[in-house]
Structure formats: structure tokens, C-alpha cells
Amino acid sequence: MNPETLEQYFITGVPCVILSMITITLNIFVVNFYRKNKLSLVPLLYIMISGADILTAVGIIHQSIAISLFTRDVISEATLDHNTVVCFTLTQISYRSSVFYNLVLAVSRTVMILRPFHQIKIKMVILVCVLYVVPWIVIAGLDIYQVYIVEKWFTKGFYVKYVVMGSGLATMVAGGFPNGPTKWFGTVVTLLVIAFLIPVVIIIITCILQIISLHRSSQF
């Protein structure tokens, strides 16, 4: 692959690194604040969210530096490919986990407000959060297999074609992008809806319920 192919990503590397470093710094403060308190459900979820955000930022920094080094002929394409395997898997899983953990936090706080005497089991919440990650690890593995093993078009493939996690799975389902673009897009959109749209809608609903409940409580 020609380094000029990724030259545009070198230009965006600096702001990505700066924003990621700010993200890491702020989330370290969050983790440090909540770890000093008794580790109840809400502090635990905040720590998990911050941890996922930190991992996402680390992956972005690592990949931005790798692309910069590759475009300046400091590292080889093979090294960049190996780096992309790690960073793609790390960032894609981490920020999806962050969205889900925010969903769990929103639902938990809503339950606490609406049913203050109900005890939410922390171990059950942790189990759900761990199990949620497993399918995305499998999907990331399918993406890596499709691009790296089958198509042998790894780094360029992820930045030009496989920019959305689940693209490899979609290619397998459709029997190849040109053969079944409808199935391909349908699979990718379905995964995006599951990972982002549904959680965001539920979070908005729970926030509205919290506001209504707190407003009613303030009137008494």
C-alpha cells in the first residue's frame, strides 16, 4: 500500500491525539474520584464507563501515531497492519461498551428513583456488562478474518471500506458486497441500530422518566 493513500489521516492525527489525551486525563480524574468511595453500583458503572472511554482514546492515539510513522516511512506496512488489528478491535469494542454501560447506568438510576427500596444486584450487572462484550469480540474477529485472511487488504480495507464494525460479517452474509449490497447494508445498519440507536432511545426515555419523577417528588 502506498503511504500517500493514508496521507489524509496523518493530517487529522494531531487533533485526534490531542482530544484523546484530554479524554484520558478527564476520565482518570473520574476513576480516581469514584475509587475512593464505597464501590456501590453507580460508582462502579462510572468507573467502567471511564475505563471504556480511556481504552478508546488509547486505541485512537496508537493508530494515529502508527499512521503518521507509516506515511513518513518509519514503520513498514506489515507493522501498520498488526497495529490496525489491535486498534480496530480495541476502539470498536470499547466505545460500544461505553454506550452500553451508559445505558445500564441510566436504567439503574431510573429504577433507583422510581423504586428506591429495590436492590439491584451488582454481580448481575457486572455479568450482563461482560456478556454484552462477547458478541462484539466475535464480530470483530469476523471483520479481521474477512479483510486480513480472505481479502488480504487489511489497513487500507479498514480505512476505505470496513470503517464500520460488522462489515466483515455483512460481507459474509451477503456473499460479497457487489453480490448483495442490500443484505450488506441491511446487516451493517442492523448492527448500528443495536449498538447505538436502541441504547440512545432507551437512555432518553429513562432520562425523561427521571425528570418527571423528580418533578413530582418536589411538589410534595
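## Burial and exposed area

Of the 220 residues in the chain, 39% are buried (under 20% relative accessible area, with exposed meaning over 50% and partly exposed in between; 1.4 Å probe, protein chains only). The model is predicted: local features need pLDDT of at least 70, side-chain atom pairs count only at pLDDT 80 or more, and totals for chains, interfaces and linings use all residues. Residues are numbered from 1 along each chain as its sequence is written, and side-chain values use heavy atoms, leaving out hydrogens and water.

The chain exposes about 12,400 Å², of which carbon and sulfur atoms supply 73% (Shrake-Rupley method, 1.4 Å probe; for residues, only the protein chains shown count as cover).

## Helices and contacts

Eight helices and zero strands are present in the chain (DSSP runs numbered from the N terminus: H or I of at least four residues for helices, E of at least two for strands). Among contacts between residues at least 6 apart in sequence, 71% join residues at least 24 apart; a contact means heavy atoms within 4.5 Å.

Ile144 belongs to helix α5 (residues 122-150). Ile144 counts as buried because its relative accessibility is 18%. Between Ile144 and Thr84, the C-alpha to C-alpha distance is 9.6 Å, across 60 residues of sequence.

## Nonpolar patch

Val14, Ile18, Leu19, Ile22, Leu26 and Phe29 make a nonpolar surface patch of about 620 Å². Patch residues have over 30% relative accessible area and no salt bridge; like charges are joined within 9 Å, nonpolar side chains (Val, Leu, Ile, Met, Phe, Trp, Tyr) within 5 Å. A salt bridge places a side-chain nitrogen of Lys or Arg within 4 Å of a carboxyl oxygen of Asp or Glu.

Leu19 is located in helix α2 (residues 13-35). With a relative accessible area of 56%, Leu19 is exposed.
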